[in-house]
Amino acid sequence: MTAIAAGAVVAAPGRVAALLEASARALRSRRSRRKPVRVYMDGCFDLAHFGHANALRQAKACGDELIVGLVPDDEIRRCKGPPVLNEDERRAVVESFRWVDEMILDVPYDINPEFMQRLWREHRIDYIVHGDDPCLLPDGTDAYAAPKKEGRFKTIKRTEGVSTTDIVGRMLAASTQARRGFLS
């Protein structure tokens, strides 16, 4: 037998369940009225690796929905050199990451003011996200200067020790060693 404190109000089990369900409904309703925070992260994602996955994971944690911009091959050539994977291959890889909610194709390498306004208006982006590594244009200027100036930029931590450039270098070194071994 359970003792009940003096003055305690005891509700029937069905009444308690109804109160809990009403509270849960009210909470769901408040959540559904809140506008989701949409964050944007762009990139080349050439030879996608753990660093890219970690960046996308961190970007998704900055909001509710992650919209990823994929830089096209011509823009990569203009700003960084030739990509290893073509745009279709890179798109297929990025689409496979579980943190990506939407993708925007054919985005500029730099977040220029015109493109930034398009992100705000057409795609309802709240914040632009990028790693803490510098992202410079061929002329040496910051590719993210515009959103930083507007205060709508969030920085995530770059994954140290992994980069596409490093992976390509290791592949070339391994290929050279293999050829030497084959020719010996």
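Biologist: Why is Glu75 called buried in this predicted model?

Modeller: Glu75 has a relative accessibility of 16%. Buried means under 20%, so Glu75 counts as buried. Glu75 lies in helix H3, residues 73–79.

Biologist: What makes the pair Glu75 and Arg78 a polar contact?

Modeller: Their side chains are joined at 2.9 Å, and the cut-off for a polar contact is within 3.5 Å. Leaving aside neighbours within four places in sequence, Glu75 is also in contact with Val107, Pro108 and Tyr109.

Biologist: Are Cys79 and Cys62 buried or partly exposed, and why?

Modeller: Cys79 has a relative accessible area of 15% and is therefore buried. Cys62, at 22%, counts as partly exposed, because the cut-off for buried is under 20% and that for exposed is over 50%.

Biologist: Why are the buried residues of helix H5 said to line one face?

Modeller: In H5, residues 113–122, the residues Phe115, Met116, Leu119 and Trp120 are buried. Seen down the helix axis, the buried residues fall within an arc of 145°, so they line one face. On the other side, Glu114, Arg121 and Glu122 are exposed. What covers the buried residues includes strands E1, E3 and E4 and helix H6.

Biologist: What makes Asp126 and Lys35 a salt bridge?

Modeller: Their side chains meet at 2.7 Å, N to O, and a salt bridge requires such atoms within 4 Å. The pair links distant parts of the chain, 91 residues apart: Asp126 is in the loop between H5 and E4, and Lys35 is in the loop between H1 and E1. With a relative accessible area of 16%, Asp126 is buried.

Biologist: How do you know that Arg170 and Asp166 form a salt bridge, and where do they lie?

Modeller: Their closest N and O atoms are 3.1 Å apart, and the cut-off is within 4 Å. Both residues lie in helix H7, four residues apart, about one turn of the helix.

Biologist: Why are Arg170 and Asp166 called partly exposed?

Modeller: Arg170 has a relative accessibility of 48% and Asp166 one of 35%.

Conventions. Residues are numbered from 1 along each chain as its sequence is written. This is a predicted model: local features need pLDDT of at least 70, side-chain atom pairs count only at pLDDT 80 or more; totals for chains, interfaces and linings use all residues. Side-chain values use heavy atoms; hydrogens and water are left out. Buried means under 20% relative accessible area, exposed over 50%, partly exposed in between (1.4 Å probe, protein chains only). Helices (H or I, at least four residues) and strands (E, at least two) are DSSP runs, numbered from the N terminus. A polar contact is a pair of N or O atoms within 3.5 Å; within protein, one must be able to donate a hydrogen and the other to accept it, and residues adjacent in sequence count only if both atoms are side-chain atoms. Contact means heavy atoms within 4.5 Å. The arc is that of the directions from the helix axis to the C-beta atoms.
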